[in-house]
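Visitor: I would like to go through this model with you, one question at a time. Please give the cut-offs as we go.

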Protein chains: 2
Amino acid sequence: MFYVIGLGLCDEKDITVRGLEAVKGSSRVYLEAYTSILMVQKEKLEEFYGRPVILADRDMVEQDSDSILKDADKEDVSFLVVGDPFGATTHSDLLLRARNLSIPTRVIHNASILNAIGTCGLQLYNFGQTVSLVFFTDTWKPDSFYDRIQENAHLGMHTLVLLDIKVKEQTIENLIKGRKIYEPPRYMSIPTAVSQLIEVEETRGGGILSPSTTLAIAVSRVGSQIDGGDGNGGEQRIVCGTLEELASQNSEVFGEPLHSLVIVGKRMHHLESEYAEVFAVDKENWRRVAREVYGVSFD
Amino acid sequence: MFYVIGLGLCDEKDITVRGLEAVKGSSRVYLEAYTSILMVQKEKLEEFYGRPVILADRDMVEQDSDSILKDADKEDVSFLVVGDPFGATTHSDLLLRARNLSIPTRVIHNASILNAIGTCGLQLYNFGQTVSLVFFTDTWKPDSFYDRIQENAHLGMHTLVLLDIKVKEQTIENLIKGRKIYEPPRYMSIPTAVSQLIEVEETRGGGILSPSTTLAIAVSRVGSQIDGGDGNGGEQRIVCGTLEELASQNSEVFGEPLHSLVIVGKRMHHLESEYAEVFAVDKENWRRVAREVYGVSFD
């Protein structure tokens, strides 16, 4: 059996009991380690599972899936994915390949940012399409996400914006020279995300994102229950305000990665606004914008 | 601590390791039992947890939350929810009330239909707003969901349609007479859902749902790994086709509840179509409609 198992959002204890049983019974255990990250190291997982864990990078998953699927028709192999297995297209591909090789497959679901984002107080049924925001470079500023945010905004829906992570990336020079030297991991911060959003708004001019009147909610380490104990903390954090309020926060306000951002849609209900308000940079301003710009009625 | 813990989609083993630890350390354990259902009985959960489980119905949660939250500032109390805690508004209310009483709260996330629906092969970022479809009666046919489907359809997005469940409902007569006599649970079937959708399309005439050219995917018991062993099975099942193909299936094709339906949006990618095709009632017709009506290119 080829198991694809969601690990949930945070650490080794977020796996389900069913998932843990499958891992413990597997002869090989892979961890997909490039579309997202857990907040714990591989060694911690190995200790918890009592099994060695093989890190599967993009090269291995996309070009050497045969080695991952090897003998999975005769023994159990587990492929672990942060969040839920269907968060990234790559995992559907792997399941399709297994299916084509007549290998039985089983998916064990878990929480992902796509449903856990409900923790910010906005109702999941008011969300439109999810978008991804990649790091801009001087020469590459892909902005098709803007069309999606615009579509959502026109319907008054919220947009979940997933922020880029760069793991095991090579410089262009190293890539050209074929040198397998990797840059340190980078995670997009909330202020960077907001400044990129504003940059695209200025180029495209759709009038959907305004620094002073668009409300947004930044979430950090959703689902994390770890107390960092170092003052910085590993606990989940929610911070909300206008785009410019979020952009002007010190990065310590958001803490360690991973971060995501929600752009609040105009259909916001007063209960959504009230739930989020306790996390606002400036509660009074949050409520004022909600009332005056979003038309939320608090009576 | 007041814990709100997602149980995932299927049975007692879908709880996370972290969730199980919280349950085992709680002095009282409630199970929310009216917005969704697990595929196991309360007794099975009690045996697995080694704890009595108190069923919390709508009356208790909405009118007697104080009894649920009692002493949660001094001891641990767990409130269990099928799927993820933020699947239903009720649970945000409960968290708000705890917060207002200065009771510390913690949410333990899990899979819900909103992310596990990825199992049907459609990419989650291509989904628009989720809608709920309630049982129509002769006099009550709420159709506001149609506007949401239409909005999604105009953008080419998929729509997840959650089908009504009626648990612990009273007849109007019993309600009026104040008799606490409850009807047996009812779960909307796929054919009923499709016929209600078509009925509303005929009334509203938006031209977005066509029996012969709108593709849809029915999913049953998402995440279920239980082998029913009775030929009918408890395992997850996916069946797809045009609306009329799904409506004409024998109910055994979909098996036991719970069922959900996805209306496929026009932005369908050929990889999405190919992934779903193995589940099609008529593979040839699925591919033909995908190509001719949806404009999917398979080359």
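Visitor: With which residue does Glu173(A) form a salt bridge?

Guide: This is a predicted model, in which local features need pLDDT of at least 70, side-chain atom pairs count only at pLDDT 80 or more, and totals for chains, interfaces and linings use all residues. Side-chain values use heavy atoms, with hydrogens and water left out, while residues are numbered from 1 along each chain as its sequence is written, and chains are lettered from A and ligands numbered from 1 in the order in which they are written. A salt bridge here is a side-chain nitrogen of Lys or Arg within 4 Å of a carboxyl oxygen of Asp or Glu. With its closest N and O atoms 3.1 Å apart, the partner of Glu173(A) is Lys177(A).

Visitor: Is Lys177(A) buried or exposed?

Guide: The scale is relative accessible area with a 1.4 Å probe and protein chains only, where buried means under 20%, exposed over 50%, and partly exposed in between. Glu173(A), at 46%, counts as partly exposed. Lys177(A) has a relative accessible area of 52%, and therefore counts as exposed.

Visitor: How many salt bridges are there over all chains?

Guide: Within chain A, the side chains of Glu277(A) and Arg287(A) meet in one of them, at 2.8 Å from N to O. Over all chains, the count by this rule comes to 42 salt bridges.

Visitor: How many salt bridges does the rule find across the interface of chain B and chain A?

Guide: The contact, meaning heavy atoms within 4.5 Å, takes 52 residues from chain B and 52 residues from chain A. One salt bridge joins the side chains of Arg18(A) and Asp11(B), 3.0 Å from N to O. Across the interface of chain B and chain A, the rule finds 10 salt bridges.

Visitor: What area is buried between chain B and chain A?

Guide: Buried area is the accessible area (1.4 Å probe) that two parts lose on being put together, summed over both. Carbon and sulfur atoms give 54% of the area between chain B and chain A. The total buried between these chains is about 4,500 Å².

Visitor: Which three residues supply 44% of the area that domain 1 of chain A buries against domain 2 of chain A?

Guide: Domain 1 of chain A and domain 2 of chain A bury about 1,000 Å² between them, with 65% of it on carbon and sulfur atoms. The 44% share of what domain 1 of chain A buries there is more than any other three residues supply, and it comes from Leu9(A), Ile37(A) and Met39(A).

Visitor: At what relative accessibility is Cys10(A) counted as buried?

Guide: Cys120(A) counts as buried at 0% relative accessibility. Cys10(A) also counts as buried, and its value is 0%.
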